[in-house]
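Q: Hi, could you walk me through the charged pairs in this one? I'm new to it.
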Amino acid sequence: MMRFPVVLLSLIFFSSVLNAQEISREQKFDQIKILTEQIDKIVQDLLRPSASDIEAAAAAGFNVFRIMPREVYGRAIAVPQGGGAYYSFSTGSNDYQKIAQLSLEQNSLSTGFAGADYGLMGDLGTRPLSEVNGETPEIDYLLKYKAPGNIVDARVEQRKAREHKAETFTLKNRFPSVVGNTFVLRSISFRDADILVAFKIMRKDADGSLIIFWKPLADFGKPELDPNIREN
């Protein structure tokens with residue numbers, strides 16, 4: 001299944017080669033555009049949650065998305081960048097370049113990918129997503145957490161995110177993707193977004209992709225780093 005778009009392109013390409021002498025370069029270019037559009041549609045279909053997933057999430061008052069395993073689709077799919085293995089709660093995109101805040105690879109979810117960006121994530125176990133609120137200890141802590149205002153402090157927090165000790169629990173930037181578990185995430189992308197969300201892994205499909213329900217908890221705007229303070 002993971003190679004279907006590539007196989008489709010190859011089959012059509014080689015069939016065109018047989019008639020290479022009969023079409024112009026302009027016609028070949030038109031064929032490329034048509035094939036690209038067809039592949040893009042197939043990829044979007046692969047990424048889209050099922051109608052029942054969308055209905056179930058809406059009925060519960062949640063958002064929903066699918067995220068693909070990078071080791072399966074990362075090289076097979078060129079667009080979106082990353083093969084659909086990333087997701088942005090801020091933009092609703094699976095493209096790495098559009099404020100990626102979560103990724104799936106080797107059965108693990110991780111956050112924090114570029115520059116000084118980082119995230120703090122907590123595994124709340126099988127707690128219902130509907131019960132996650134400001135009274136949840138992890139949520140309360142992350143609501144009060146202050147994003148750093150300079151690159152030096154950001155690097156310190158970025159390193160701490162690997163295992164951030166906080167009161168009676170530990171926050172991390174990577175956790176196993178356990179189906180049925182609920183997670184909380186504070187994702188800090190400097191100049192772009194600083195958000196707090198809760199999400200639950202509802203299902204893992206045969207290709208390794210995950211269906212995730214989620215809800216926003218807080219938006220802290222676009223964090224900036226003091227340009228007058230630089231790394232040594």
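Predicted model: local features only at pLDDT ≥ 70, side-chain atom pairs only at ≥ 80, totals over all residues.
Q: What do the side chains of Asp53 and Arg203 do?
A: They meet in a salt bridge, 2.9 Å from N to O. A salt bridge here is a side-chain nitrogen of Lys or Arg within 4 Å of a carboxyl oxygen of Asp or Glu.

Q: Where do Asp53 and Arg203 lie?
A: Asp53 is in helix α3 (residues 51-60) and Arg203 in strand β10 (residues 193-204), so the pair ties together parts that are 150 residues apart in sequence. Helices (H or I, at least four residues) and strands (E, at least two) are DSSP runs, numbered from the N terminus.

Q: Is Asp53 buried or exposed?
A: Asp53 is buried, at 7% relative accessibility, while Arg203 is partly exposed at 29%. Buried means under 20% relative accessible area, exposed over 50%, and partly exposed in between (1.4 Å probe, protein chains only).

Q: Okay, new topic: how many salt bridges does the structure hold?
A: It holds 12. One of them joins Arg48 and Asp45, with the closest N and O atoms 2.7 Å apart.

Q: And which residue forms a salt bridge with Arg155?
A: That's Glu231, at 3.0 Å between the closest N and O atoms.

Terms used. Residues numbered from 1 in each chain as written. Heavy atoms only, no water.
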